Each structure stands twice: as C-alpha cells, then as structure tokens.
Amino acid sequence: MGFSRAQPHPLDSVANPDAVIELASVGTQLSMTIGRLGQDFYLWSTYEFGMLEFPDRVASTSSIMPQKKNLTVLENLKARPAALLGAMVTGITALRAVPFGHSQEVSLEAGRWLWEALEELRAMLPAASIVVECATPRRDRMRGLVSENFATATAVADLLSSTYGLPFREAHHVTGRYVRLAMEGADPEAALRTAYTEETGRFLDDIAPLLAEALDPACMLEATTGCGPSRAETIRLHEDARSRLRADQEAAAGRHEGQRFAAHALATACEKLTSAVSVTRST
C-alpha cells in the first residue's frame, strides 16, 4: 500500500491526530504568508503610497465610483487565510480532551473543515503567483519616498560607530539629534556637525564622504557587509530559496511516484485476489 513501515504501536494508527494538526498548521502558515503579501501589495498600491501598479486583470470596477479600481484578487488573498485558521482551530478544539482510543473527534470532527480549507489554499497559490508577476513597481515614487523619510538614518549611526569609533548608543543619539535638526530645516551637513558636537563635545571632520554614503539610498542596496537587505544578499537568499524549492519539488515528485507505484501494486494484488476467488467459486 506504499507505507514506508508499519506503526510500532496500534494507538499511533488509531488515536494519533498529529498529522491532521500538522497539516492544518502548515497550511495556515502558508496562507498567512500569502495574506501578508497581499496586505503589503494592497497598501503599496493605494493612492497615498502609490508604489505599485496592477493591471485590470487582477481588479474589478467599483459599483459606484467610475474612477476606482478594486484589487479584488488581493482582497481575496487577504481574506482566504481565515478559512485555514478556522479549520486549524476547529481541529485543535475538537481534539483538546480526546481519550487515547478511537473516537469521532479523531476520525471526523478534527478534519471536518480541513479539506475544504486546503482547497481554498490550493486556489490561493496561482492567484498569488499572478499578482507577484504582474505587480509593476513605480520606481520614481519609491525613490522619492525613501529619500524623504530618513530611511538611511541607521546607516548614519553605523558609519559614525565604525568610522569614528563611537559606541553605537552614542552614535544613535547623534543620529537622532541630526534627524531632528534636519526636520527643522537645517542643511544635512550642518545638522550632522551640530548634532555630533552637541552629543560628544567634539568637532566632526571630513563628513562629506560619510554623508554621500549614508544618505544615498542607492548605497544601501550596494552594501557588501552584514546580512541586511542589500542587493547581493537578496540575490544570494533568492538563489538559496530556489535551490531549496527545487529539492522540495524533487522530493515531492519522488513521493508521488511512490504513491502511483503503490496504487498500481495494490490494484494488481486486488485483481489477483478477486480472480482467484472467482476461479474458486466457479470450481
């Protein structure tokens, strides 16, 4: 029948519900990851953020506002994880006080909604793939936002610590003061010099290279140290993920082939058995 081995104890076969809960848990986690992706994409595509654009094929029209495009696919990706979570909670609730023996909770109630919920998950996967493929970044808008909101302030603190030997806590204070002065209208170079002097009592020399590196978001993408979201590190992580995905796909293909072989072997055995019974009855 394709099993790798027999269960060592009959209770593992009859009363162990772990497989149901583990399957529900994995499905719920995957659906939540897709839902979070949908939430981020939905937020980034709003007028206020304006960082992503989507084609009409993943949207629908508003029933009242002619200019409005409802990103229906993203809305569904955000909503569907509720089905998986509900199935998992149902299973855990049904099994919370079940005796170790055969019971309806194990064989029926624990998985009552699981299979339907997994069908919902299966429908989410191609939809998620489509929205990732068709999402168009608005690069100018992204560049403008990241340049205006002091997103690189941590890099300023890091460079103050690594270049000028400040303890990071002190560099953090300097950077916070610098941001405050810059928000009040001070020139970035003057703001950083003033913040450094106010916090340390010393004068900051030759900060032009520091500002050029720390305040340019593009420099963050090309950073070669640490394990942050630099371009090189992101590419490495992406390649590693694709490698692990290929290994998982090969393992799944092997399991499916084993299941097909077992199904064929079972059908053959059943055919031999029924043929033998028929011969016996006829004689």
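**Close-up views of selected residues**

**View 1. E120 counts as partly exposed, at 28% relative accessibility.** In this scheme, buried means under 20% relative accessible area, exposed means over 50%, and partly exposed lies in between (1.4 Å probe, protein chains only). The model is a predicted one, in which local features need pLDDT of at least 70 and side-chain atom pairs count only at pLDDT 80 or more, while totals for chains, interfaces and linings use all residues. Residues are numbered from 1 along each chain as its sequence is written, and side-chain values use heavy atoms, with hydrogens and water left out. The side chain of E120 forms a salt bridge with that of R80, at 2.8 Å from N to O. E120 belongs to helix 6 (residues 114–134), whereas R80 sits in the loop between helix 3 (72–79) and helix 4 (81–94), so the pair links distant parts of the chain, 40 residues apart. R80 is also partly exposed, at 27% relative accessibility. Helices (H or I, at least four residues) and strands (E, at least two) are DSSP runs, numbered from the N terminus. A salt bridge is a side-chain nitrogen of Lys or Arg within 4 Å of a carboxyl oxygen of Asp or Glu. That rule gives a count of 11 salt bridges.

**View 2. A salt bridge joins the side chains of E53 and R138, at 3.8 Å from N to O.** This pair links distant parts of the chain, 85 residues apart: E53 is in strand 1 (residues 52–53), and R138 is in the loop between strand 4 (136–137) and helix 7 (139–148). E53 is partly exposed at 42% relative accessibility. R138 is partly exposed at 38%.

**View 3. D56 and K69 meet through their side chains in a salt bridge of 3.4 Å, N to O.** D56 lies in the loop between strand 1 and strand 2 (60–61) and K69 in strand 3 (residues 69–70), so the pair ties together parts 13 residues apart in sequence. With 59% relative accessibility, D56 counts as exposed. K69 is partly exposed, with a relative accessible area of 39%.

**View 4. R57 is placed in the loop between strand 1 and strand 2.** This residue is exposed, its relative accessible area being 59%. Not counting residues up to four places away in sequence, R57 touches I130 and C134; contact here means heavy atoms within 4.5 Å. The C-alpha atoms of R57 and T163 are separated by 51 Å, and the two residues are 106 apart along the chain.

**View 5. F150 has a positive phi, near 60 degrees, and is not a glycine.** Most residues other than glycine have a negative phi. F150 is found in the loop between helix 7 and helix 8 (153–164). With a relative accessible area of 30%, F150 is partly exposed.

**View 6. T200 is found in helix 10 (residues 188–200).** At 15% relative accessibility, T200 counts as buried. Its side chain reaches the backbone oxygen of Y196 at 2.6 Å and the backbone nitrogen of R202 at 3.2 Å. These are polar contacts: pairs of N or O atoms within 3.5 Å, where within protein one must be able to donate a hydrogen and the other to accept it, and residues adjacent in sequence count only if both atoms are side-chain atoms. Leaving aside neighbours within four places in sequence, T200 is in contact with L166, E170 and V174.
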